[in-house]
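Please walk me through this structure, element by element.

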Amino acid sequence: MAVLYTSVGDAALTLQTWLVDTYGMRSLQRVREVRESLPIARGAAVRPLAEAPIDLGGVELISRTGETITLDQHLETSYTEGLLVLRDGAIVFERYRNGMQPDTLHLLASVTKSLTASVLGIALSRGQLALDDRVGDVAPDLAATCIGDATVRQIADMTAGLGFPEAYDDLSDPTADSPVLRFFRQIGTMPLLPGEAPVGVLGLLPEYPLEYPHGERFEYRTPLTCALGHMVETAAGRPYADLLAELWAGIGAEHDAAIMLDVAGVPFAGGGMLTTLRDLARYGQVLLEDGAGVIPADWVADTRNGSDETRRAFDLDPALTEADLAQWEEYRNQFWIVESGRVFEALGLFGQVCRVNVDTRTVIVRFSAQPNDERDDVGYETYRAHAAIEAALS
């Protein structure tokens, strides 16, 4: 059943206020106070995480102002709420800040997309759908939308031509008339406007136009992941939340997770998962171990290695900056590929990261609450911090 948690002695948190100061209000740790959610149960067996501490606080990196700083200094100024580093499956570095605790559930935002893709990989291995299936054939209720004739592969790689400008330039005015803010209101992260019907994120899909031919180019759009989650549960004949719970049990999670519901009561597959830092690290370790028998190894390899087609499509995205193109090579199966075959990561708004480096045998997970107007500069600094950690551990 859906659960709504109440505040315990902290500053009042409402849908009107929670995105105003995500760090000061610790709101990404407290999402369940303002949004209904479903619990995602862990399984009976917990994957152990050994501890082999290494003092990485003095590792140096270049800050967003061009200065050389240490990792400890970076953590002071980057709105980080949790950072954990695994090497060979053991915790070598772990820090919590801003009231975050090891058992705190934190919003993953779009890191959820990568979990949705893992659920897709499992469904593919069971023959419940195929990558060349058409969306409308898998989910007939989506046949009349602009993505009805797109393939599952095009949805997974975000090369379907759905028109949705995913620009987070202004989240401060929840009443503004923009596709992103209308989407946020249907997620439930902002109040609905007077007279605005609660159709949910899937209910918005018929409104979006076809912007370009499917497969022409990459463009990052969260509604595609929402459609993907719906297709997987339709093909599997099981609720999306149950499929997530199966994955969660498989990775050996220590704590129950949760998934935020949109205003229509549908789990938000594009960004609603909440987990602990250590459990997200367990998920990353499973990916590092080629799926560890939980996620199909060929799906993990397909994700990590990418393809010439997704690299071509990625380079054609008009929204990507030179810095973006220098940071990532492609987008594959709802993951950002840093170096094909070697480094890939799941990323979420406000600074959520699950990064896997095959060469250094490391997993880096981070929870943050970065302000929207600083997220690009702070984000690139965090990427440099992660690269510096990997270099130090190599």
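Helices (H or I, at least four residues) and strands (E, at least two) are DSSP runs, numbered from the N terminus. The model is predicted, so local features need pLDDT of at least 70, side-chain atom pairs count only at pLDDT 80 or more, and totals for chains, interfaces and linings use all residues. Residues are numbered from 1 along each chain as its sequence is written, and side-chain values use heavy atoms, with hydrogens and water left out.

The largest pocket has a volume of about 910 Å³. A pocket is found on a 1 Å grid over the protein atoms alone: it is an open set of points where a 1.4 Å probe fits, with protein on both sides within 12 Å along at least five of seven lines. Grid points are joined across faces, edges and corners, and the volume is the space filled by probe spheres set on the points. Lining residues have an atom within 4 Å of a point. There are 33 of them in the largest pocket, and Tyr168, Asp324, Trp336, Arg375 and Asp376 lie nearest its centre. Strand E12 (343-348), E13 and helix H13 (375-393) are the elements that give two or more residues to this lining. H13 supplies the largest share, six residues.

A pair of aromatic rings is described by the distance of the centres and the angle of the planes. Rings of Phe, Tyr and Trp (its six-membered ring) pair if their centres lie within 6.5 Å; planes under 30 degrees apart count as stacked, over 60 as edge-to-face and the rest as tilted. By this rule there are 15 aromatic pairs. One of them joins Trp328 and Trp336, with 4.9 Å centre to centre and 45° between the planes, a tilted pair. Tyr331 and Trp336 also have centres 4.9 Å apart, but their planes stand at 75°, so this pair is edge-to-face. Ring pairs link Phe218, Tyr220, Phe314, Trp328, Tyr331, Trp336, Tyr380 and Tyr383 into a cluster.

How enclosed are these rings? Buried means under 20% relative accessible area, exposed over 50%, and partly exposed in between (1.4 Å probe, protein chains only). Both Trp328 and Trp336 are buried. Trp336 has a relative accessible area of 11%. Tyr331 is at 2% and counts as buried.

Turn to E13, one of the elements in the pocket lining. Two strands pair if DSSP finds at least two bridges between them. E13 (residues 352-357) pairs with E14 in the antiparallel sense over five bridges. Asn357 has Thr362 of E14 as its bridge partner. The hairpin of E13 and E14 has four residues between the strands, and Arg361 takes a positive phi near 60° there.

On its other pairing, E14 meets strand E5 (residues 80-87), antiparallel, over seven bridges. Val85 stands opposite Ile364 in E14. Seven of the seven residues of E14 (residues 362-368) are buried, so this strand is largely enclosed by the rest of the structure. Thr362, Ile364, Arg366 and Ser368 point one way, and Val363, Val365 and Phe367 point the other way.

Next comes a separate topic: an open sheet. Four strands form it, in the order E1-E8-E9-E7, with antiparallel pairing. The edge strands are E1 (37-40) and E7 (106-107), and each pairs on one side only. Follow the order across. E1 and E8 pair over four bridges, and Leu38 has Ile259 of E8 as its bridge partner. Two bridges join E8 to E9, where Ile259 stands opposite Met273. E7 and E9 (residues 273-275) pair over two bridges. Leu107 stands opposite Leu274 in E9.

Both faces of E8 are covered: Ala257 and Ile259 on one side and Ala258 and Met260 on the other are all buried. Helix H8 (residues 240-250) lies across E1, E8 (257-260) and E9, at about 35° to E1. Contact here means heavy atoms within 4.5 Å. Axes are lines fitted to C-alpha atoms, for helices over the stretch in contact, and angles run from 0 to 180 degrees between N-to-C directions.

Finally, look at two loops. Asn98 lies between strand E6 (90-96) and E7. Asn98 has a positive phi of about 55° although it is not a glycine. At 23% relative accessibility, Asn98 counts as partly exposed. Ala292 lies in the loop between helix H9 (277-288) and helix H10 (297-305). Its phi is also positive, near 50°. Ala292 is partly exposed, with a relative accessible area of 33%.
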